[in-house]
Amino acid sequence: IAVGEYEGGGLGKLLTTQGPLSFPYFTLARQGYPRMAFSACFGGIIFNILVGVGLGCLLQISRSHVDVKLEPDGLLAWVLAGALGLSLVFSLVAVPLQCFQLSKVYGFCLLLFYLNFLVVALLTEFGVIHLRSV
């Protein structure tokens, strides 16, 4: 299994599946539970990754008795991991600094970061951004 590769889908599938999933977070926040909504944004994704990757690897190991190796050999895997790390560190620093009262500026910064990440990830995927062979 290579990190960053998956079966089918693409950007359209990501947008159509993740868009409707964000409505419960808005509902939680409007009902007076902003911390629960904020933590659910991260917790739901982390749970899906852990269970999805964990069960997939467990099934492959049980069927083939071969160790599953995640190979971050491509530039896209590093772009994805780097963007995730930067986003989490930014939120980990910015949210407590704002005393957990999130402003529109914070939301705008996250949207700007996501748009930049999306452009870099797409350019990397289509080969516009690539590593030079030495």
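Me: What share of the contacts with a separation of 6 or more in the protein chain comes from residues 24 or more positions apart?
Reply: In this predicted model, such residues account for 61% of those contacts.

Me: Which elements make up the chain, and in what order?
Reply: The protein chain has five helices and zero strands. From the N terminus on, the order is α-α-α-α-α.

Me: How much of the chain counts as buried?
Reply: Of its 134 residues, 10% count as buried.

Me: Which residues does UniProt list as "transmembrane region"?
Reply: The unreviewed UniProt entry lists residues 36-62, 74-93 and 105-129 under that name.

Me: What does the model show for residues 36-62?
Reply: That span is 100% helix and 0% strand, and its end C-alpha atoms lie 37 Å apart.

Me: And what about residues 105-129?
Reply: There the chain is 84% helix and 0% strand, with 30 Å between the end C-alpha atoms.

Me: How are H4 and H5 arranged, roughly parallel or roughly antiparallel?
Reply: Their axes come within 10 Å and cross at roughly 175°. Angles over 145 degrees count as roughly antiparallel, and H4 and H5 are therefore roughly antiparallel to each other.

Me: Which residues make that contact?
Reply: On the H4 side they include Leu76, Leu80, Leu86 and Phe90. On the H5 side, Tyr106, Leu110, Phe113 and Phe117 are among them.

Me: Changing topic, how many aromatic pairs are there?
Reply: The count comes to two aromatic pairs. One of them is formed by Phe90 and Tyr106, which are stacked at 5.8 Å centre to centre with 15° between the planes.

Me: Which parts of the chain does the pair of Phe90 and Tyr106 tie together?
Reply: Phe90 lies in helix H4 (residues 75-97) and Tyr106 in helix H5 (residues 104-125), so the pair links parts that are 16 residues apart in sequence.

Me: Is Tyr106 buried or exposed? And what is the value for Phe90?
Reply: Tyr106 counts as buried, at 5% relative accessibility. Phe90 is partly exposed, with a relative accessible area of 36%.

Me: Which residues form the tilted pair?
Reply: Tyr114 and Phe117 form that pair, 6.2 Å centre to centre and with 45° between the planes. Both lie in helix H5, three residues apart, which is about one turn of the helix. Tyr114 is partly exposed, with a relative accessible area of 33%.

Me: Where does the charged end of Arg35 sit?
Reply: The charged end of Arg35 sits over the ring of Phe100, 5.2 Å from the ring's centre.

How values were computed. Residues numbered from 1 in each chain as written. Predicted model: local features only at pLDDT ≥ 70, side-chain atom pairs only at ≥ 80, totals over all residues. Heavy atoms only, no water. Phe/Tyr/Trp six-rings, centres within 6.5 Å; stacked < 30°, edge-to-face > 60°. Helix = DSSP H or I, 4+ residues; strand = E, 2+ residues; numbered from the N terminus. Buried < 20%, exposed > 50% of the residue type's maximum accessible area, 1.4 Å probe, protein only. Lys NZ or Arg CZ within 6 Å of the ring centre and 35° of its normal. UniProt positions renumbered as here; feature names shortened; annotations may be inferred. Axes fitted to C-alpha atoms, helices over the stretch in contact; angles between N-to-C directions. Parallel < 35°, antiparallel > 145°, perpendicular 65-115°, else oblique. Contact = heavy atoms within 4.5 Å.
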